[in-house]
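Here are a few notes to read with the structure open beside you. Take them one at a time and find each residue as you go.

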Amino acid sequence: TQNAYVKLRRFLVEDSLVAVVSLPAGVFKPYSGVKTSILLLDKKLARTAKEILLLKITADGFDLGDQRRETSANDLPEAERVVKAWFKGKSPEQIETKLAWKLTARSELLANRAVILSAENDGESSSIDSDHKVVSLGEVCSILNGFAFKSEDYVENEKGLRIIRIGNVQKGEIVDQAPKFYAPGRAEEFARYSLSEGDILLSLTGNVGRVGRIPKAMLPALLNQRVAKIVPDTALIEPAYLFHLLNEDRFEQEACRSATGAAQQNLSTRWLETYEIPLPPLDEQRQIVAEIEGYQKEIVRLEFEIATNHERIQAAIDAVWNGESE
């Protein structure tokens with residue numbers, strides 16, 4: 001959204017952009033998982049076409065893993081057919097294609113401050129995927145509230161059963177904050193509240209709507225009261241997809257608005273069960289997860305690069321100081 005990028009996109013829309021083809025995340029793995037789109041430019045057509053074609057490809061003939069093994073699913077030939085027809089003046093309605101597409105007016109793109117050029121999001125909405133099934137969490141998940149563990153039963157034993165409390169559930173993660181433990185011998189007694197690696201946990205009191213996944217390093221662990229465990233039906237929904245869907249500001253804000261209580265906010269599990277989410281097919285859920293993880297890896301790489309350059313800057317400054325002291 002920086003000015004230079006916005007200015008460039010605005011120029012392209014006004015001058016020569018005629019189509020955007022969105023590729024599935026991961027097409028350049030293992031080198032990069034960053035989401036990529038193809039921009040088609042034609043000055044002559046752009047002068048007469050008031051609309052821009054947004055076309056979405058979900059498969060390119062290879063899976064989305066790092067090995068990129070060949071598969072039978074390939075939208076590229078169909079996309080090529082649609083684009084060629086578009087250049088000849090036909091609309092996708094006349095062509096009849098199975099690919100997700102949308103025609104968006106140039107004026108509509110330019111009216112959006114950031115001038116987003118994406119088949120997934122052409123400004124303020126993502127109606128290209130509006131045919132996704134919408135379900136409540138209760139239809140695809142079971143929700144378990146924790147147990148009221150007694151503080152007087154806590155033990156000084158870091159190899160014991162860690163009690164995961166509200167304070168441990170932070171934005172996007174479960175943190176090892178002021179750990180409390182139960183005796184390891186009580187594991188069978190509280191087996192119903194036992195946690196496993198990757199379990200999705202959600203805060204129901206205080207800072208409601210925060211979501212994290214339990215890491216292996218914090219096991220064995222038990223679920224305390226006012227922390228919910230959301231168990232997805234993996235035949236219907238990918239756990240990682242569900243986590244990313246809930247670990248966003250939109251969900252947390254809606255949870256806060258729906259919470260009750262004056263002194264302290266409380267969120268009901270009933271509200272969670274009725275909360276509605278979009279449910280693409282499993283294959284598309286996995287593609288979404290692959291795209292997100294690709295971005296996350298890129299963030300880690302860039303953060304490492306930033307830290308390394310900060311060290312180099314400090315080393316250069318230290319060398320000057322050390323030189324003066326000599």
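1. Keep in mind that this is a predicted model. Let's start with the cysteines: C256 comes out as partly exposed, at 29% relative accessibility, while C141 counts as buried at 10%.

2. Salt bridges are another story, with a count of 18. One of them joins D176 and R162, with 2.5 Å from N to O. D176 sits in the loop between β11 and β12 and R162 in strand β9, so this pair ties together parts 14 residues apart in sequence. R162 is buried at 10% relative accessible area, whereas D176 is partly exposed at 47%.

3. Now find K171 and E252, another salt bridge, whose closest N and O atoms are 3.1 Å apart. K171 is in the loop between β10 and β11 and E252 in helix α8, so the parts tied together here are 81 residues apart in sequence. Both residues also belong to a salt-bridge network with R210 and D249.

4. W321 is exposed, with 57% relative accessible area. Together with I313 and I317, W321 makes a nonpolar surface patch of about 330 Å².

Technical notes
Residues numbered from 1 in each chain as written. Predicted model: local features only at pLDDT ≥ 70, side-chain atom pairs only at ≥ 80, totals over all residues. Heavy atoms only, no water. Patch = residues over 30% accessible without salt bridge, like charges linked within 9 Å, V, L, I, M, F, W, Y side chains within 5 Å. Areas by Shrake-Rupley, 256 points an atom, 1.4 Å probe, with all protein chains shown as cover. Salt bridge = Lys/Arg side-chain N within 4 Å of Asp/Glu carboxyl O. Buried < 20%, exposed > 50% of the residue type's maximum accessible area, 1.4 Å probe, protein only. Helix = DSSP H or I, 4+ residues; strand = E, 2+ residues; numbered from the N terminus.
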